[in-house]
Structure formats: C-alpha cells, structure tokens
Amino acid sequence: MYPSSALFVFVLAAIKFTITGAAAVPEAAAPAQVAAGTDHWCGAWAGSPNPSDVVGPQQLPPYDFTRRFFVEPQLQRVPFAPLVATEPKIQVPKLWGNNNFRVALMTYAQSSPARVYASSKSRWADVHHALGRLMNDCVNKGSGGAYLVLPSPGLMQSTLVVYAYEAGSQFDYQINYYMSNPHGIDPSRLAPGLAAANVSSSAAIVTA
C-alpha cells in the first residue's frame, strides 16, 4: 500500500512541475527591435523570413570541425594584404538564399572600442550552430536577426556574425549598399541605425 501512495505523490508532483514549467514559457511575442542579450539581435530591420524557406544544409558548407581562416580582404588594415596562414582560407562575406530567405556570414565589427575583425579562425560547425540558434531565437518567433558565431576552441573573441533576413528588408538594402562601399557592421547598432537612416539612399548607414 505504501509504495502505491508514494508513487501517487511522485506522479502528482511531476504533473505540478510540468504545469508550472509550461506556464513559465512565454508565447512567441511580436519581434522587438533589439532582443535582450549581447550575443544576438532580433528585429524588424531584418524582416520576417519564412522559417520553411531556411537555407538547407545541402546549400551551406559541410558541418565539419576543420579550423579555417576567415578573412574579409577589403576590411583589412592594409586592404587585400597577403595572408600567411596554414589553415584553409575562406573569403567573406558569404551569402546564401532560398526564395525570400537570405543568410549572410560577415566579419564582426564593434563600435566601442572601434575595431573590425577582418580576419579570424573558425569552423563551419560553429556557423551552423549560430544559424540554428538564430532560427530558434529570432526567425521562429517572427523576425530575422543576427547572431555572433561562437569562437572556436582556444579562442576567446567572437569574430564572425551570421544574419538571417528577408529579401527587401532594411538589412537587404544595407547589404546592397555594403557591396559597393564595404564597411564594418556592428550588429548591436543595426536597429537604431537603420531606423534613423534612409536605407534606400547612398548615404552611409551603419558603420563601426
């Protein structure tokens, strides 16, 4: 008789815990201009890419753990300076698309202190992981956004950013402008920067 009573109490406690936990999980809210946190930013500036159109693994580079040297030549301190690195070299930015869904991999720029990480070492596995987090924290909740790519083992500083955005969004105009006038982009400043700028003009929009 005692074991049955104990089992009943255990099941009752488990049900209570489940209900309490479910109540603590908020429903997907409308996208904020800037998400809380220092590693990702969601907002209307990136539009609302359709989650079902996410760029698939067959389009992205393979999910592997080989450390590669990512470089954005035009943003180097000496633009297009020769590189000396034993790792395979990947030039960024990299852009992928499927229907109206866009993914961009770019170097990270911070505003204070001003610095552009025009070269770094990372792995495609880290990029895939960041895109997965971006899907979970931004896209599946109604907006695009940006996510810092975690540094590879042995490194301390995030130096790459992956973006998920909708074709025709403010950030899409930002990318189009960037292609003719490369500049460091600080993802933490995108929301206020794009809100204050005329994104269809040729004026500088967001710089680091």
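One term before we set off: a residue is buried under 20% relative accessible area, exposed over 50% and partly exposed in between, with a 1.4 Å probe and protein chains only. Helices (H or I, at least four residues) and strands (E, at least two) are DSSP runs, numbered from the N terminus.

You're looking at a predicted model, where local features need pLDDT of at least 70 and side-chain atom pairs count only at pLDDT 80 or more, while totals for chains, interfaces and linings use all residues. Residues are numbered from 1 along each chain as its sequence is written, and side-chain values use heavy atoms, with hydrogens and water left out.

**The whole chain.** Colour by secondary structure and you'll find four helices and 10 strands. Starting at the N terminus, they come as α-β-β-β-β-β-β-β-β-α-β-β-α-α. Of the 208 residues, 43% are buried.

**Helix H2.** Now select residues 124-137, which make up H2. This helix has 14 residues and spans 20 Å from first C-alpha to last, close to the 20 Å expected at 1.5 Å a residue; the expected span is 1.5 Å times one less than the number of residues. How many of its residues are buried? The count is 10 of the 14, so H2 is largely enclosed by the rest of the structure.

**The disulfide.** The structure holds one disulfide. Cys-42 sits in strand E1 (residues 40-42) and Cys-138 in the loop between H2 and strand E9 (145-148), so the pair ties together parts 96 residues apart in sequence. Look along the S-S bond: its torsion is about -70°, so the disulfide is left-handed. Are these two cysteines buried or exposed? Cys-42 is buried at a relative accessible area of 6%, and Cys-138 is buried too, at 1%.

**A three-stranded sheet.** Last stop: pick out E3, E2 and E8, which form an open sheet in that order, with mixed pairing. Two strands pair if DSSP finds at least two bridges between them. At the edges are E3 (89-91) and E8 (119-122), each pairing on one side only. E2 (residues 68-71) runs antiparallel to E8, and four bridges join them. To see one of these contacts, select Val-71 and its bridge partner in E8, Ser-119.

Note on methods. A disulfide is a pair of cysteine sulfur atoms within 2.5 Å.
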